[in-house]
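Please look through the sequence and the model below before reading on, and keep both at hand while you work through the report.

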Amino acid sequence: KFLCCLMMMIVSHTLSSELKILNLPEDQTGPAPCAMTCSGVSRYDETGYGIWGSTGSKAYKSVDIEECGFVSAPVVTAIVRGPFSTLYCSPIRLWYLYYKMLYFMTVENETPSNMVLYKCDVYWIATGYTC
């Protein structure tokens with residue numbers, strides 16, 4: 001029985017997942033143990049820096065990722081989603097990227113008030129290095 005448990009521990013350790021980052025926006029890779037994925041949801045009704053704002057005819061949203069601890073700009077993927085099938089959240093794109101902040105802008109002309117009315121949350125994932 002002991003040998004069986006030992007084998008399971010060895011196999012589990014061997015098959016454990018590893019995060020591998022091929023490159024980053026600023027080409028500043030770090031040591032493998034410092035690679036990390038951080039994710040979250042920036043809700044439609046946030047206050048302060050996280051509100052839906054306006055720039056020209058587009059809506060934008062900033063997301064504070066300082067708690068992730070990245071030392072350079074991470075690789076970011078994001079989507080926007082609301083709870084209603086009949087109301088449409090305008091698609092977003094990454095507008096500006098910084099290691100402590102993300103800024104998203106709607107692809108289409110949209111008002112911040114509609115993004116709030118439609119309850120459009122931004123779901124994001126960032127992968128980078130913490131050292």
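Which residue forms a disulfide with Cys38, and how far apart are their sulfur atoms?

## The disulfide of Cys38

In this predicted model, Cys38 forms a disulfide with Cys68, and the two sulfur atoms lie 2.1 Å apart. The pair links distant parts of the chain, since Cys38 is found in strand 1 while Cys68 belongs to the loop between strand 3 and strand 4 (75-81), 30 residues apart.

The torsion about the S-S bond of Cys38 and Cys68 is about -70°, and the disulfide is therefore left-handed. Cys38 has a relative accessible area of 17%, which is under the 20% limit, so that Cys38 counts as buried. Cys68 is buried as well, at 7% relative accessibility.

## The other disulfides

A search of the whole structure finds 3 disulfides. When the bonded cysteines are counted along the chain, the disulfides follow the pattern 1-6, 2-3, 4-5.

A disulfide joins Cys89 to Cys120, with a distance of 2.1 Å from S to S. This pair also links distant parts of the chain, with Cys89 in the loop between strand 4 and strand 5 (92-97) and Cys120 in the loop between helix 2 (112-117) and strand 7, 31 residues apart. The torsion about the S-S bond of Cys89 and Cys120 is about -95°, so this disulfide is left-handed, and both Cys89 and Cys120 are buried.

Another disulfide joins Cys34 to Cys131, for which the model gives an S to S distance of 1.4 Å. Here too the pair links distant parts of the chain, because Cys34 sits in the loop between helix 1 (2-14) and strand 1 (35-42), whereas Cys131 lies in the segment after strand 7 (121-129), 97 residues away. Cys34 counts as buried at 9% relative accessibility, whereas Cys131, with a relative accessible area of 47%, is partly exposed.

## A buried lysine

Lys61 has its place in strand 3 (residues 58-64).

What Lys61 does have is a polar contact of 3.3 Å, which joins the side chain of Lys61 to that of Ser42. If neighbours within four places in sequence are left aside, the residues in contact with Lys61 include Ser42, Arg43 and Glu46, together with Gly50, Ile51 and Trp52. Leu102, Tyr103, Phe104 and Val122 are also in contact with Lys61.

Terms used
Residues are numbered from 1 along each chain as its sequence is written. This is a predicted model: local features need pLDDT of at least 70, side-chain atom pairs count only at pLDDT 80 or more; totals for chains, interfaces and linings use all residues. Side-chain values use heavy atoms; hydrogens and water are left out. Helices (H or I, at least four residues) and strands (E, at least two) are DSSP runs, numbered from the N terminus. A polar contact is a pair of N or O atoms within 3.5 Å; within protein, one must be able to donate a hydrogen and the other to accept it, and residues adjacent in sequence count only if both atoms are side-chain atoms. Contact means heavy atoms within 4.5 Å. A disulfide is a pair of cysteine sulfur atoms within 2.5 Å. Buried means under 20% relative accessible area, exposed over 50%, partly exposed in between (1.4 Å probe, protein chains only).
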